[in-house]
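Hi,

Here is the structure I promised to pass on. Have a look at it first, and then read my notes below.

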Amino acid sequence: MAVGVLGQYNRNLRLISQAFSEAKILARGDRILIEGEAEDVEKLERLFGKLVEVVRANRMPSLEEVRYLIGQVEEGGDLTGLLTDVVQITHWGEAIRPKTAGQKRYIAAIKENDVVFAIGPAGTGKTYLAVAMALNYLQQGKVKRIVLTRPAVEAGEQLGFLPGDLFQKVNPYLRPLYDAIYDMIPASELDKYIQTGKVEIAPLAFMRGRTLNNAFIILDEAQNTTHTQMKMFLTRLGFGSKAVVTGDITQIDLVGVPSGLVEVSRILLGIPGIAIVYLDRADVVRHPLVKAIIEAYERSEREERKREGEASGDERAQGNSRAGGEAAGRDPAL
């Protein structure tokens, strides 16, 4: 227990001590003594209590997860369910759990609503957790099938440039969905599900004209849907079904048309049974560099917008200056 909470060679303890440098933390066997300001003591008690809960759930928290818990405690965030609630078990026995507050909200939204939109950057678990929830619902008999779909749109490529028949052409676009589901069930079981119709993976164009009853439907990469495609997809929802729509509105590959995902927060806001969950870089659970990369791009984009704004302001000022000069040089009698 102590090793799991304090970390190998006390690495968790050192990280926590650095974050709460004003407090004194002493580890004595299975006991942890905390001295300091009442506020710090209360936060540390919550933090260590959560770490004990995680370890008792047979999980060794990583340094990145400990850093996240420290941040949540410092901000007064709710730790309930973080790193402990189990969404699904992979076929090699690893539990899939929400690792951030945003992911916890996402899972709760799926349980409580029939249509959920998850909008956020790469690495926040949008697709992975949706697939995990879909398999959970299928295995518990809450739905009869899973339908996974994506628009066949990618940057710099078109279907006509890919070899093979239609299914061979669209397969690369659906690969991320296969990757997520292969993590959770063996390939042989997935093949069996596909053959029996319990799992269907198809491009978005194949959804037109259908009504999907008793299904868990996931639309991935929805930032690349048009207004018409998004409306078409959402109106496929039948009785006893649940739909999860995921996407990153900073990675839109559509040209000349607005994204259907961008519009939903305006069009569908406030409708009972529909939830929109926004994830951000704090919810990134991939390699630590992914979060750094997202932050770097966000800084670059902010600076670019600022430069564009300054350039537009300079152009307006020059235009006003020229107009003023022309007016000053004009003969009033003309």
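Helix H6 is largely enclosed by the rest of the structure, because 12 of its 14 residues are buried. Buried here means under 20% relative accessible area, with exposed being over 50% and partly exposed in between (1.4 Å probe, protein chains only). Among the buried ones in H6 are Lys126, Thr127, Leu129, Met133, Asn136 and Tyr137.

Before going on, keep in mind that this is a predicted model: local features need pLDDT of at least 70, side-chain atom pairs count only at pLDDT 80 or more, and totals for chains, interfaces and linings use all residues. Residues are numbered from 1 along each chain as its sequence is written, and side-chain values use heavy atoms, leaving out hydrogens and water.

Back to H6, which covers residues 126-139: its end C-alpha atoms are 20 Å apart, and that agrees with the 20 Å its 14 residues should span at 1.5 Å a residue. (The expected span is 1.5 Å times one less than the number of residues.) Just after H6, Gly141 has a positive phi of about 80°.

Zooming out, the protein has 11 helices and 10 strands. These are DSSP runs numbered from the N terminus, helices being H or I with at least four residues and strands E with at least two. Of the 334 residues in the protein, 42% are buried.

Now for the pockets. A pocket is an open set of points on a 1 Å grid over the protein atoms alone, where a 1.4 Å probe fits, with protein on both sides within 12 Å along at least five of seven lines; lining residues have an atom within 4 Å of a point. The volume is the space filled by probe spheres set on the points, which are joined across faces, edges and corners.

The largest pocket holds about 690 Å³ and has 33 lining residues, with Gly123, Gly125, Lys126, Tyr128 and Arg286 nearest its centre. Which helix gives the most to this lining? H6 does, with 4 residues. The lining splits into 10 nonpolar, 11 polar and 12 charged residues, where Ala, Val, Leu, Ile, Met, Phe, Trp, Tyr, Cys and Pro count as nonpolar, Asp, Glu, Lys and Arg as charged, and the others, Gly among them, as polar.

The second largest pocket has about 410 Å³ of space. Its lining is made of 17 residues, and Pro121, Asp248, Thr250, Gln251 and Ile294 lie nearest its centre. Helix H11 (residues 288-329) contributes the most here, with 6 residues.

Cheers
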